[in-house]
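Here is a structure to look at with a few plain questions in hand.

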Amino acid sequence: MKSYYKPLILIALIALGLTSSVQAALPIEQLDSFHGAKGYLVQTKTLPMLDIEISIDAGSRYDPSTKSGLASLTGGLLNKGVRSSKGTLTEDQIADQVADLGADLSVGVTGERALIRIRCLSRSDIRDRAVGLARQILSNPSYEPTVINREKQRISAGLLEAETKPDFVLDRRFRKAIYGDYPLGNAMTVKSIAGLTASELKQFHQQFYRSDRVIVSMVGDVNRAEAQEIVQTLVNDLPQSGPVIPPLPELLRSPIESIADREVQIPFDSQQAHIAMGMTAIARNNPDYFPLMVGNYALGGGGFVSRLMNEVREKRGLAYSVFSYFVPGQDNGIFQAGLQTKNDQASMALDVMTENIAQFIAKGPTQSELDAAKANLVNGFPLRIDNNRKLLDNVSSIAWNGLPLNTLDTWTEQVNAVTRDQIETAFQKYLAMDRMKIVVLGAKQ
């Protein structure tokens, strides 16, 4: 290779975020706890960048039953203005500061946690300003009534539009069927959003946004001492603790029911029938996670090499896509399978999907299916961590779910160690067809 090509290749790799230093062997360092906040770091020195994720145990699962959307609105407004003894910043001023730093800063809320993500240069002056801004956003959101009202109107308009879309309606009904009275079964509505007040947002923030509920994960060009200082800076203005938060209700296993009680038909004017099937399943730290994950790859998680795709699409042409997956969370999780098909083929497609899932639960994968699943998972593993952002996703998940810090190092070993018997046993332990909820939307009777 001629020498003048090498800089160009290096620039291309940097632009793609692909560097040889980002490998599973990079250790995850657990930092010293500060005011109850936990910190984790993976040092990557090739790029002068730093990616930070702040996880706060303040997700939608803490919404009161009549206040759905409270956690989402509280978290979503973090970067829409701050007010403290050091001054005020409007959302435009926050956006200007982020732009001046050449950084990315985003906020979001999932069912389990609120998230703040920062990506900036690791140069100390840039990094310190970005972290300082994030500290203000985390600790002192202003919750201005005019901004709240505007966001409520925006969310309500989005909900009204979404309710015309079959995927959105199907997902809501499916989640309600699976979660029932567990908080994640409740979804925000125009009415629930309209009823939220500034004082309720401030109270939720005061109750849940405190340092003992925070995990900071970092990947990038900082050393341990710098990372430790970043954690301290981020949570320094938060209360260290607060009143005891009542425990969440237990998510009960999906009950055995007749098909008439488990299946929901939703009339909907759509070109395609949308079908979802599933039940409660496992938390991420469950010891049977790997047999279930590898098994599901063979069942419906592996795209064109999965059994469901072969039986539903390739052999019968009933759907363009069909899938299955586990969604393991911190305390619980679900299994879901689904497809879209022509309205007049819905019954047949549902029968084929049901029959194949039942067969898989009863007998597990064939040896060739297992071998293919392992090969694809292991060979695809480098793509799961081939840039800092993907690596941060993994580090954050490991920290949030309390997994061993060497999880990335042992991931391929654990995949390769899975046997057919383990998959069969695990699927029969956690899944059962007479517990599967089924939601069919749009199919004409």
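**Rings, cores and strands**

Q: What makes R313 count as a charge over the ring of Y320?
A: This is a predicted model. In it, the charged end of R313 sits over the Y320 ring, 4.7 Å from the ring centre. The distance cut-off is within 6 Å, and the charge must also lie within 35 degrees of the ring normal.

Q: Which ring does R284 lie over?
A: R284 lies over the face of Y289, at 3.7 Å from the ring centre. Y289 is also part of a cluster linked by ring pairs, with F290, F381 and W411.

Q: How many aromatic pairs are there?
A: The count is 10.

Q: Why is the pair of Y179 and Y182 called stacked?
A: The ring centres of Y179 and Y182 are 6.0 Å apart and their planes stand at 25°. Centres within 6.5 Å make a pair, and planes under 30 degrees apart count as stacked. So Y179 and Y182 are a stacked pair.

Q: Why is the pair of F326 and F335 called tilted?
A: The centres of F326 and F335 lie 5.1 Å apart, with planes at 55°. Stacked needs under 30 degrees and edge-to-face needs over 60, so the rest are tilted.

Q: How do you know whether F326 and F335 are buried or exposed?
A: Buried means under 20% relative accessible area. F326 has 15%, so F326 is buried. F335 has 0%, so F335 is buried.

Q: What about Y179 and Y182, buried or exposed?
A: Y179 has a relative accessible area of 8%. Y182 has 5%. The limit is under 20%, so both count as buried.

Q: Which residues touch the most other members of the largest nonpolar core?
A: They are V294, M353, I357, F427 and M436, in a core of 62 residues. Among the contacts of M436 are M277, F335 and I361. Apart from this core lies another, of 55 residues, including I118 and F204.

Q: What is the order of strands in the open sheet of five?
A: The order is 9-13-10-12-11, with mixed pairing.

Q: Why are strand 9 and strand 11 at the edges?
A: Strand 9 (263-266) and strand 11 (322-328) each have a single partner strand, so one side of each lacks a neighbour in the sheet.

Q: What makes strand 10 and strand 12 a pair?
A: Nine bridges join them in the antiparallel sense. A pair needs at least two bridges, so strand 10 and strand 12 qualify. Q272 stands opposite K342 in strand 12.

Conventions
Residues are numbered from 1 along each chain as its sequence is written. This is a predicted model: local features need pLDDT of at least 70, side-chain atom pairs count only at pLDDT 80 or more; totals for chains, interfaces and linings use all residues. Side-chain values use heavy atoms; hydrogens and water are left out. Helices (H or I, at least four residues) and strands (E, at least two) are DSSP runs, numbered from the N terminus. A nonpolar core is a set of buried Ala, Val, Leu, Ile, Met, Phe, Trp, Tyr and Cys residues joined through side-chain atoms within 4.5 Å. Buried means under 20% relative accessible area, exposed over 50%, partly exposed in between (1.4 Å probe, protein chains only). Contact means heavy atoms within 4.5 Å. Lists of a residue's contacts leave out its neighbours within four places in sequence.
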